[in-house]
Amino acid sequence: MKNSDSFIKGLTPSQRIEIDACTQCGECLGCCPVQQVTQNPAISPPEKIRMFREFIKATDSLKAKLLGADEIDRKLLEDFTRAIFECTTCGACGRSCAVGIHTQRLWPMLRKEMVRRGLGPIGPQKEMPAVIRKTGNPYNKPADERYSPWFPEGIAVAEKASIAYYAGCTGAYEAQPMVKGDVLVLHAIGDPFTMLPPEEEVCCGFPLFITGQHDMLEDLVKRLVESYRARDVRTLVCSCPCCVNIMARDWPVYYGKELPFRIRHITQVVSDAFAAGRLKIEQELKERLIYHDPCYLSRGVGITEEPRSVLRSIPGIELLEFDSNRLESRCCGAGGAARKVFHENATAMGRMTIDEAVRKKADKLVLSCPACYGKVNEAMQDHDRKVPIVDIMELVASLLGKG
Ligand code: SF4
Ligand code: SF4
């Protein structure tokens, strides 16, 4: 593809309007965590939009149509590609955007455009399609290790059931206390639930979607949806915010019609169970807990109160808040598949989360995302401030049946 080929072909009409709508007002500048830790203005939302507009001007303006498109300097394209992939797609800029640009959806589409032009993705992200095709997950791990190291003994999974649990690749391979906690709590609620065999529970597609590599998505989604449909599933439960996000927002598009089941985040199921008296924690926990809202759970699908409701079901706790919380939460550094490429940024952002939890004298930092869980734990290594980290269901599971 030539550098002078159209830049707007792959964008929806509303995304073209969004790019046009940015007033360069700078309202969003203060909230970008990547800019904060890198001090690199190229990453800022208005700068990314300004650059993309220049590309559109060179290839799609009236002048370009009448006199021919300008060839764009490759270095400029490479710099833009780096900026768009260094962003964690946390969406905080969109939340504060004066004209309402939905950046958490726009940035992945600009990434897709740079992939289409052969410039992205970056580093190991390029291997993902081949690795997922071979193993079913982006971590290049064998399918038969997906559940075996963590699945709690003595818990039976139904062959067919109206509820299914999807563990997800990041939880199953990189945040095992979290998925173990999910299964223990679902079991404690008491409704039968099913799970796909490990070789059938393939990637939800989010890592491919977010790195702009969309070719395999339809195939993955159809395989998963048909497998759950064959098991008579009516509710699919998952704890990973990125999985929940793509399932709820994009699976119907790739499936081609409405899904035959609804998608629920585990905190929705568990807060309902506490409210209905189907779960109860007797033991008091005299601790100050601080809960971090994952970007794709809060800004992505609007789930902010259910995790807090679950935590308030623990007698004795004091619930603290980060200065930026709920829809304004600050990215922990793990988002947008950037953590495996831009390690230093991700570590610096993770440490900002740890530092605020320590400053607020939290006894525990509670997370609800496998990517946050892995990254914030990693950021704590060799860091001078420490706070115990726990996943929300890991915590609930540890308290059930005690007292
Ligand atoms: S999505 Fe997050 S990381 Fe990316 S530009 Fe916006 S605030 Fe910065
Ligand atoms: S707040 Fe919105 S309109 Fe203003 S500079 Fe940022 S992206 Fe552009």
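**Exercise 1. Find what helix 15 lies across, and its angle to strand 3.**

Solution. Start at residues 266-275, which form helix 15. Helices (H or I, at least four residues) and strands (E, at least two) are DSSP runs, numbered from the N terminus. Helix 15 lies across strand 2 and strand 3, and runs at about 75° to strand 3. For that angle, axes are lines fitted to C-alpha atoms, for helices over the stretch in contact (C-beta atoms, placed from the backbone, within 7 Å); angles run from 0 to 180 degrees between N-to-C directions.

A word on the model: it's predicted, so local features need pLDDT of at least 70 and side-chain atom pairs count only at pLDDT 80 or more, while totals for chains, interfaces and linings use all residues. Residues are numbered from 1 along each chain as its sequence is written, with chains lettered from A and ligands numbered from 1 in the order in which they are written.

**Exercise 2. Work out the strand order of the open sheet, and which strands stand at its edges.**

Solution. First, the order: the 3 strands go 1-2-3, with parallel pairing. Two strands pair if DSSP finds at least two bridges between them. Next, the edges: strand 1 (163-166) and strand 3 (262-265) each have a single partner strand, so one side of each has no neighbour in the sheet. From one strand to the next, the twist averages 30°. Now zoom in on strand 1 and strand 2 (residues 235-238): 4 bridges join them, and Ala164 sits opposite Leu236.

**Exercise 3. How many of the residues of helix 19 are buried, and what do they pack against?**

Solution. Count first: 8 of its 11 residues are buried, among them Cys372, Tyr373 and Lys375. Then look around: the partners include helix 9 (169-174), helix 10 (176-189), helix 18 and strand 7 (389-391). Just past helix 19, Asp382 has a positive phi of about 65°.

Methods. Contact = placed C-beta atoms within 7 Å. Buried ≥ 20, exposed ≤ 12 C-beta atoms within 10 Å, placed from the backbone.
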